[in-house]
Amino acid sequence: MFELHCHLDGSLRIETLAELTGDERELIEIKKDISFYPNMGIQKALSCFKTTLSIMQTPDRVERITRELCVDLGKFGHTYTEIRFAPQLHEGGTMEEIVDAAISGLDDRSSLILCGLYGESPKVLLNLVEIAKNRQQVVGIDLAGAPAKHHKYRLIDYEKPFTMAKKLGIGRTVHAAEGRSPREIETAVKFLHAQRIGHGLTLLEDPRVLELVLERDITIEACLTSNWHTGAIEKIPDHPIKKWFDEGVRVAICADNILLSDTVLPIEYTKARNLCGLSDRDILQCNIYAEDALFRR
């Protein structure tokens, strides 16, 4: 199995979180405090990362949590995983030190995607591209989170760093249309040179955007449980993954946040089959699409 969309700060071990926070409660109680739940809304979901990030501030902890995740991914049956995170949120070292710590925790079945966040200055993304430039284990950049009305910067304002990434052969993916306008996908593909789109729930609402995605072989990173939790879909059977697949869209099934959404890739495959109507053959094809869409340098 190939995993394209896995957030480091959403996928650490609950045991590690308890240890590093010094929380002596039962693990089930700790988990209850941070777990996503159906239709909680994207902003509330994003706020849950504050707890996990609070114990991931130093390079040694980033290295440990990355290493533990890679071990766990092997146990889950992953063939290869692209792990993503935002090093600028870890204040216990420079961004370079934090990225190098994560690289030290990787195994030979994993690589990194560096995330800028909606609302941040494009200069942050430019710095991430510079960091990625000479680190082969960093295979891509991402724009993560979600836009908000108070943000100074719009999606189009991140064109420069993504264009630079393209020139350097660094992969590009963007969180877009997660219950918002499908025009986000169009902007991400045309101006940010996105090769993949995270979530993309509203893709089918605009036939022109669908045509663009098909024409350019864009891969959609589908995160079923995550989309249910954020309220982008009311229930998992409402997910458009089967319609996408039938339209010829290249779809990769992803877990997004292993701890926060209490899921792993095999569970997402089962939900795609049992709740969304994909056949075993369809799911095999999704895995092929995921392998084809891996960022390679």
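1. A quick definition to get going: helices here are DSSP runs of H or I with at least four residues, numbered from the N terminus. With that in hand, find Ser226, which sits in helix H11, residues 224-230. Keep in mind as you look around that this is a predicted model.

2. Let's stay with Ser226 for a moment. Is Ser226 buried or exposed? Its relative accessible area is 3%, and buried means under 20%, so Ser226 counts as buried. Setting aside neighbours within four places in sequence, Ser226 touches His199, Asp256 and Ser261. With Asp256 there is also a polar contact between the two side chains, at 2.6 Å.

3. One of those partners, His199, deserves a look of its own. You'll find His199 in strand S6. With a relative accessibility of 1%, His199 is buried too. Its phi is near 80°, which is a positive value in a residue other than glycine.

4. Another histidine to click on is His193, in the loop between helix H9 (183-190) and strand S6 (196-199). Phi of His193 is positive as well, near 60°, and again this is not a glycine. The relative accessibility of His193 is 19%; the cut-off for buried is under 20%, so His193 makes it into the buried class.

5. Now over to helix H1 (residues 14-21) and helix H5 (residues 59-76). Their axes come within 11 Å and cross at roughly 160°. Angles over 145 degrees count as roughly antiparallel, and that is why H1 and H5 get this label. The crossing is right-handed. On the H1 side, Thr16, Glu19 and Leu20 do the touching, and they meet Arg61, Arg64, Ile65 and Glu68 of H5. Sorted by class, that contact holds four charged, two nonpolar and one polar residue.

6. Ile14, Glu15, Leu17 and Ala18 of H1 make the contact with Leu27, Ile30, Lys31 and Ile34 of H2. By class, you get six nonpolar and two charged residues, with no polar ones.

7. Last stop: helix H6 (residues 95-105). Which residues of H6 are buried? They are Met95, Ile98, Val99, Ala101, Ala102, Ile103 and Gly105. The elements covering them include H5, strands S2 (80-85), S3 (110-117) and S4 (138-144), and helix H7 (122-133).

Note on methods: Residues are numbered from 1 along each chain as its sequence is written. This is a predicted model: local features need pLDDT of at least 70, side-chain atom pairs count only at pLDDT 80 or more; totals for chains, interfaces and linings use all residues. Side-chain values use heavy atoms; hydrogens and water are left out. Helices (H or I, at least four residues) and strands (E, at least two) are DSSP runs, numbered from the N terminus. Buried means under 20% relative accessible area, exposed over 50%, partly exposed in between (1.4 Å probe, protein chains only). A polar contact is a pair of N or O atoms within 3.5 Å; within protein, one must be able to donate a hydrogen and the other to accept it, and residues adjacent in sequence count only if both atoms are side-chain atoms. Contact means heavy atoms within 4.5 Å. Axes are lines fitted to C-alpha atoms, for helices over the stretch in contact, and angles run from 0 to 180 degrees between N-to-C directions. Angles under 35 degrees count as roughly parallel, over 145 as roughly antiparallel, 65 to 115 as roughly perpendicular and the rest as oblique. A crossing is left-handed if the near helix is turned anticlockwise from the far one by less than a right angle, and right-handed if clockwise. Ala, Val, Leu, Ile, Met, Phe, Trp, Tyr, Cys and Pro count as nonpolar, Asp, Glu, Lys and Arg as charged, and the others, Gly among them, as polar.
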